[in-house]
Amino acid sequence: ASLLVLGGLLIISANVHRIVDDLEGRKEVVVYLLPEPESSVRLRVEERLKDVPGVVGVRYISPEEAWDDFTAEMSGEGLLEEIGDNPLPPSFELKLANDRRDLASIEAIAGEVGAWEEVDEVAYGGAWVSRLDAFARQLAWLNLGVLLAVGLAVVAVVANTIRLTVLAKRDMIEVMKVVGASEWFIRTPFLYEGMIQTLGASLVALGTLYGITRGVSEQFGGISFLTLPQVAAFLGTALILGAAGSYLALRPVFKNYPV
């Protein structure tokens, strides 16, 4: 049951992370130039933007292209005839490196570029970026807290199960000790037992969650199961928790019932 809860939360977290990563990819800086720059000025600014640390892509948007995008989004065909001249300035969209998408780095880039004399304004959605960064941090802490809580629950369940098994086989253990078996020789089968128990439970949990995920995805769409590396990490974590629970169970048993 603990592994089922852990796996379900991991699936939810993985899908939320996928959405956050998609939003992270949309973080960009838009540099608005002064109206009607000469071609040489535009090219010079473009070359300088490419040299700014953290900028991996530069796209020029002409006033005509910006107006077409605006009218397509706002369904404002015919507005230009009423307004007269196109009020939108030329601009550059900057694509940022993955390690420069935090608020501090974006503000640094915007501050540097905004000081150029050819630049009229720099927009980057500071409040939106700040909220997204805060949400990503909260999600990371939530994942860590859930992993620790469920991990402790799994360790406790395995520890209690193995402790009962050891007590039930105390006579056999005493005989093995008398004939010269080392303590680790006696401990090893119980460690394997705890690991096999958690591995079997994790496989059952994954199978159940896969069926639930497919059903929910077919009904609502947009929900994906864990990737193969995430499945491998889940199984590896289960084995580690099983070994830890077995080891913790054996210490007090051998201490209180020396053999």
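The model is predicted, so local features need pLDDT of at least 70 and side-chain atom pairs count only at pLDDT 80 or more, while totals for chains, interfaces and linings use all residues. Residues are numbered from 1 along each chain as its sequence is written, and side-chain values use heavy atoms, with hydrogens and water left out.

Two aromatic pairs turn up in a search of the whole structure (rings of Phe, Tyr and Trp, the last by its six-membered ring, with centres within 6.5 Å; planes under 30 degrees apart are stacked, over 60 edge-to-face, the rest tilted). Tyr60 and Phe92 make a tilted pair, with 5.2 Å from centre to centre and 55° between the planes. This pair joins distant parts of the chain, since Tyr60 belongs to strand β2 (residues 55–61) and Phe92, 32 residues apart from Tyr60, to strand β3 (residues 91–96). Helices (H or I, at least four residues) and strands (E, at least two) are DSSP runs numbered from the N terminus. Phe92 is buried at 0% relative accessible area, whereas Tyr60 is partly exposed at 24% (buried is under 20%, exposed over 50%, partly exposed in between; 1.4 Å probe, protein chains only).

Tyr210 and Phe225 form an edge-to-face pair, 5.2 Å centre to centre with 85° between the planes. Tyr210 lies in helix α8 (residues 183–220) and Phe225 in the loop between α8 and α9 (228–256), 15 residues apart. Tyr210 is partly exposed at 40%, and Phe225 is partly exposed at 22%.

Tyr60 also has Arg42 over its face, 4.3 Å from the ring centre. Elsewhere, the charged end of Arg48 sits over the ring of Trp116, 3.9 Å from its centre (NZ of Lys or CZ of Arg within 6 Å of the ring centre and within 35 degrees of the ring normal).
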